[in-house]
Amino acid sequence: MKVKPVAEVIEFLRPVAEETGVELVDAQWDMRTKSLTLYIDAESGVDLNLCEKFHRAADEPLDRLDPTFGEGYTLNCSSLGLDRPFKTARDFERNLGEKIEVHCYAPYKGEKHFEGVLKSFDEENVTVQTERGEQTIPRNKTSKICLYIEV
């Protein structure tokens, strides 16, 4: 199945998201199930009603965009969940001062996993206050950065 790029779909739906009061954070094609999942966030949190509201708002504009060039597909709308990876500067800004997890592709300074309070970030680095002191980790060495969830 031929599809339009996720970036194009997200950019196209950005005004619809703003009108609906959500932030369209990510989208993902699943070619196996022929589905498009839109991942949203909102200041007040995301629940089933908000997912349904955005789904209904995005449905008709997506028909005009025709992201699958006439082929059928399933549209899903979802929250990214509590352990979602930080993808945007807004994700980092929203979590300044919060405890986060940083996972690395390979050991960095002898560690593949860091837990601590997010102190700062920029395009190149993320700085975390850990029990061993402040750690500045290059973002290109990280596989996932997310909120720390205590179980």
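## Close-up views of a predicted chain

**View 1. Phe-69 is partly exposed, because its relative accessible area of 42% lies between the limits of 20% and 50%.** This is a predicted model, so please read every view with that in mind. Look for Phe-69 in the loop that joins helix 2 to strand 3 (74-79). Its backbone deserves a glance as well: phi of Phe-69 is positive, near 55 degrees, although the residue is not a glycine. Most residues other than glycine have a negative phi.

**View 2. Lys-34 sits in the loop between strand 1 and strand 2.** Here is another residue other than glycine with a positive phi, this time of about 50 degrees. Is Lys-34 buried or partly exposed? With a relative accessibility of 38%, Lys-34 counts as partly exposed.

**View 3. Helix 1 bends by about 45 degrees at Arg-14.** Follow the helix past the bend and you will find a proline, Pro-15, within four residues of it. How far apart are the end C-alpha atoms of helix 1? They are 20 Å apart, which agrees with the 21 Å that its 15 residues (6-20) should span at 1.5 Å a residue.

**View 4. The buried residues of helix 1 pack against strand 1 (23-30), strand 2 (35-41) and helix 2 (48-65).** To find this buried set, pick out Val-9, Ile-10, Leu-13, Val-16, Ala-17 and Thr-20.

**View 5. Gln-135 lies in strand 7 (residues 133-138).** Why does Gln-135 count as buried? Its relative accessibility is 12%, and buried means under 20%. Leaving aside residues up to four places away in sequence, Gln-135 touches Lys-109, Phe-114, Val-126, Thr-127, Val-128 and Thr-130.

**View 6. Stepping back, the chain holds three helices and eight strands.** The C-alpha trace spans about 55 × 30 × 30 Å along its principal axes. Of the 151 residues in the chain, 38% are buried. Among contacts with a separation of 6 or more, 55% join residues 24 or more positions apart. The chain exposes about 8900 Å², with carbon and sulfur atoms supplying 46% of that area. Finally, consider charge: there are 20 positive and 29 negative side chains, and the centres of the two sets are 4 Å apart.

Conventions:
Residues are numbered from 1 along each chain as its sequence is written. This is a predicted model: local features need pLDDT of at least 70, side-chain atom pairs count only at pLDDT 80 or more; totals for chains, interfaces and linings use all residues. Side-chain values use heavy atoms; hydrogens and water are left out. Helices (H or I, at least four residues) and strands (E, at least two) are DSSP runs, numbered from the N terminus. The expected span of a helix is 1.5 Å times one less than its number of residues. The bend at a residue is the angle between axes fitted to the seven residues ending there and the seven starting there. Buried means under 20% relative accessible area, exposed over 50%, partly exposed in between (1.4 Å probe, protein chains only). Contact means heavy atoms within 4.5 Å. Accessible areas come from the Shrake-Rupley method with a 1.4 Å probe; for residues, only the protein chains shown count as cover. Lys and Arg count as positive and Asp and Glu as negative; His and the chain ends are not counted. The place of a charge is taken as NZ of Lys, CZ of Arg, CG of Asp or CD of Glu.
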